[in-house]
Amino acid sequence: MEQIKNSFDSVTLRKIGIGALIAGTGAVLAYIGQLGLDYGAYTPIVTAILAILVNAVREYSKGR
């Protein structure tokens, strides 16, 4: 099934949901890590990096 331009079809909503899960996982990992560490002003950067790493692992494990 293909994504329909300018529409919130099921494919688009699924992609939005997956993106939200990736970002949320990065935020949760940053929160858990902050229990032992204090990131201070770097918290948004750490959260973004963790979300990128979660997505990288997801993409790496894709395939046949």
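Trainee: In which helix does Lys15 lie?

Mentor: Lys15 is in helix α1. The model is predicted, with local features taken only at pLDDT of at least 70, side-chain atom pairs only at pLDDT 80 or more, and totals for chains, interfaces and linings from all residues. Residues are numbered from 1 along each chain as its sequence is written, and side-chain values use heavy atoms, with hydrogens and water left out.

Trainee: What makes Lys15 count as buried, partly exposed or exposed?

Mentor: Its relative accessibility is 52%. Buried means under 20% relative accessible area, exposed over 50%, and partly exposed in between, with a 1.4 Å probe and protein chains only. Lys15 is therefore exposed.

Trainee: What makes α1 a helix, and which residues does α1 span?

Mentor: Helices are DSSP runs of H or I with at least four residues, numbered from the N terminus. Helix α1 runs over residues 10-34 and has 25 residues.

Trainee: How do you know how the reach of α1 compares with the expected one?

Mentor: From its first C-alpha to its last, α1 reaches 36 Å, close to the 36 Å expected. The expected span is 1.5 Å times one less than the number of residues.

Trainee: Which residues of α2 are buried, and what puts them on the same side?

Mentor: The buried residues of α2 are Val46, Thr47, Leu50 and Ala51. They cover an arc of only 135° around the axis, which puts them on the same side of α2. The arc is that of the directions from the helix axis to the C-beta atoms. An α-helix has 3.6 residues a turn, so residues three or four places apart point the same way.

Trainee: How do you know how far α2 reaches?

Mentor: The 18 residues of α2 reach 25 Å from first C-alpha to last, close to the 26 Å expected.

Trainee: What makes the phi of Asn6 worth a remark?

Mentor: Asn6 is not a glycine, although its phi is positive at about 55°. Most residues other than glycine have a negative phi. Asn6 is found in the segment before α1 and is exposed, as its relative accessible area is 77%.

Trainee: How do you know that Glu59 forms a salt bridge with Arg58?

Mentor: The closest N and O atoms of Glu59 and Arg58 are 2.9 Å apart. A salt bridge needs a side-chain nitrogen of Lys or Arg within 4 Å of a carboxyl oxygen of Asp or Glu, so the pair qualifies. Glu59 forms a salt bridge with Lys62 as well, at 3.4 Å. By this rule the count is two salt bridges, and Arg58, Glu59 and Lys62 are linked in a network.

Trainee: Why are Glu59 and Arg58 not called buried?

Mentor: Glu59 has 39% relative accessibility, so it counts as partly exposed. Arg58, with a relative accessible area of 28%, is partly exposed too.

Trainee: What makes Val28, Leu29, Tyr31, Ile32 and Leu35 a patch?

Mentor: Patches take residues with over 30% relative accessible area and no salt bridge, joining like charges within 9 Å and nonpolar side chains (Val, Leu, Ile, Met, Phe, Trp, Tyr) within 5 Å. These residues form a nonpolar patch on the surface, with about 520 Å² of accessible area together, by the Shrake-Rupley method with a 1.4 Å probe. Val28 has 46% relative accessibility and counts as partly exposed.

Key:
Helix = DSSP H or I, 4+ residues; strand = E, 2+ residues; numbered from the N terminus.
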